[in-house]
Amino acid sequence: MTTTPQAVRRASPRTRPAAKKAAKAAKAPAPEPATDPSAVLLPQAEPVRLIEADGTPLPARADYPEPPVEALRELYRRMVVGRRFDTQATALTKQGRLAVYPSSRGQEACQVGGVLAVRDTDWVFPTYRESMALVSRGIDPVEVLTLLRGDWHCGYDPTAVHTAPQCTPLATQCVHAAGLAYGETHQGRDTVALVYIGDGATSEGDFHEGVNFAAVFKAPVVYFVQNNKYAISVPLSRQTAAPSLAYKGVGYGVPSEQVDGNDPVAVLAVLTRAVAHARAGHGPFLVEAHTYRMEPHTNADDATRYRDGAEVDTWRDRDPIARLEAYLRARGALDDAAVAAVAEEAEAYAADLRQRMNAQPEVHPLSLFDHVYAEPTPQLVEQREMVRAELAAAAEEDGH
Amino acid sequence: MGATTMAKALNAALADALADDDRVLVFGEDVGRLGGVFRITDGLQARFGDKRCFDTPLAEAGIVGFAVGLAMSGLRPVVEMQFDAFAYPAFEQIASHVAKLRNRTRGALSVPMVIRVPYAGGIGGVEHHCDSSEAYYAHTPGLKVVTPATVADAYSLLREAIADPDPVVFMEPKKLYFSSAEADLPARTEPFGRAVVRRPGRDATLVAYGPAVPVALEAAEAARDEGWDLEVVDVRTIVPFDDATVAASVRRTGRCVVISEAQGFAGVGAEIAARVQERCFHALHAPVLRVSGLDIPYPAPMLEHTHLPGVDRVLDTVARLQWDDQPDPRWVAA
């Protein structure tokens, strides 16, 4: 990878008058569009797209080869199951089984595409909106929903599934990923870290510190921004004046790309390239996916206060699942029987989740003291004894 | 046995930890070639290479967050915050992740690390270089908070902090960096959770930590002229706190003054005073009193002398411990 000024630019002169001027001043011919995205820092002027919204394929491109059809069928399967999971989780909030649920409906291509682009031994750094990605990664959905059910914070063992706890403080995981990825490299392992973050979180300082640390230490991290257009209610225009969020990489010397986040084929193609770039030792890569949060921020939010239905409808027409299904059907890679089988699997998955979430979880008040330190301090031992006595007294009262 | 400084003892502790354990990494701002602005990391990069001791971008949240990730990968990061007040950008990382990851994951994921913070004043530093920030960390469950006052403790506590399974905020009193003492390194002193009686006495207990310990010892010496025989307890580890040693001392003496350099309101000194009062009420001949810095932003260098608790303020406070069994006139309503 080079970072010479010539390598930095990759823009059509039509959309980049400044770049055109710079090229003229240097009296160098405008470089041909590079085929290796690692060789340039700026994203392409338009998001990478490999199939149209109706599933029609676009001309093949050398920079982002289409993933194998088997991978696309798997992508489809997991997206369908993922959406069914998401719908079920929202339903569980209405039944009082979850305290809250932030849906990622409409973002299935990103949720699942990210997971499919990495290995099981790679690390994923999710936010609270990535429940779908986590179940798609094979983590037990009950463990994924522990946080939102409220019987503990993180329900899964991060070290067993190479997945950090879902991060609620925005963008803080960007720096953790840089450290983890660098630490893995330091110990001779070729682990890649994949960070999911949203558009709002790119305004947080830790996003910048994370990308910068990863760049300086050449840590193998893919920063994957799902630009779903809203940070709760605040629109993208209040987060940035940049042409797009992918442009934030250039300032850190990090190659970046933007992709149509509702084009599952393009998302997987771009992320596959980004992960390969990181794993090859070229340092971090920033990907921005343009997508849309179809549901409110959470079930507790009222999205009608800040966006109108017509806007949501335009995104309904760009549904990533219908898009991939149409494409695979046209290719002869998916038929009615396969679609029905996936739908059936999704229903069974939801039914199992529903049934398991209907069981009231057991919580143990004395466990509050278990994991504050490796060994409780004398003060915690005292407090535990106090709580134990309170519980014993309450139990005795109940007995009378 | 030879005379050495706290700075050299800290340096030796880092060097020995790096030599003993390949997982230990030392990093931060200016800690590499320069050896740190206080030279605590002097020579470490030359000896262990720039993969083990290195400079980072100038971003404290980044440094601590990077350490979280390194700890997740199985390494043992030791980071330096250049000055107390410059650690504040890292506070979210410390409070939300460093302190909580073990708890959030039911013990599945721990992030053992040491965050070294040169703290407190008395060195003529300009603003933002002299804060006593220990209470912020001590108020955060999941962190251990340690502060040495002697050369031997500096070495021993830092080695223990690096080996500890929990994250440790290691508060280094700047004004003691170049204090010198006979110390046989590698020293091993009392473990975490143990306060130490630095000077035995019968009449009252002075409880102090970090930069206030030498002040307490000096005051105890001076108090002999007033006829008071004062005991001095060095807290050493604010978290975990050694209630037993402190309370045993106060039960013996019946009087207690808690000394901290930090501003007093809602501080560690207040916590200690409350704990002593809860445990020793019937042994006390006088209310537990506090001597602390003033409740003001840390002052400019030419005024810091008035702010810092010194021997005179300590002795004035000891004088108010109701030696004549009369109520403190300060608290009697007019």
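Modeller: Residues are numbered from 1 along each chain as its sequence is written, and chains are lettered from A and ligands numbered from 1 in the order in which they are written. As the model is predicted, local features need pLDDT of at least 70 and side-chain atom pairs count only at pLDDT 80 or more, while totals for chains, interfaces and linings use all residues.

Colleague: Happy with that! What makes H8(B) and H12(B) oblique to each other?

Modeller: Helix H8 (residues 212-223) and helix H12 (residues 311-319) of chain B pack at about 60°, with axes 9 Å apart. Angles under 35 degrees count as roughly parallel, over 145 as roughly antiparallel, 65 to 115 as roughly perpendicular and the rest as oblique. H8(B) and H12(B) are therefore oblique.

Colleague: Which residues of H8(B) and H12(B) make the contact?

Modeller: Two residues are in contact if their C-beta atoms, placed from the backbone, lie within 7 Å. Among those in this one are B:Ala219 of H8(B) and B:Leu315 of H12(B). By class, the contact has nine nonpolar, no polar and one charged residues.

Colleague: And how many residues of chain B are in contact with chain A?

Modeller: 36 residues of chain B are in contact with 35 residues of chain A. H3(B) gives the most to that side of chain B, with nine residues. Helices here are DSSP runs (H or I, at least four residues), numbered from the N terminus. The side of chain B that touches chain A divides into 16 nonpolar, 13 polar and seven charged residues.

Technical notes. Helix = DSSP H or I, 4+ residues; strand = E, 2+ residues; numbered from the N terminus. Nonpolar A, V, L, I, M, F, W, Y, C, P; charged D, E, K, R; others polar. Axes fitted to C-alpha atoms, helices over the stretch in contact; angles between N-to-C directions.
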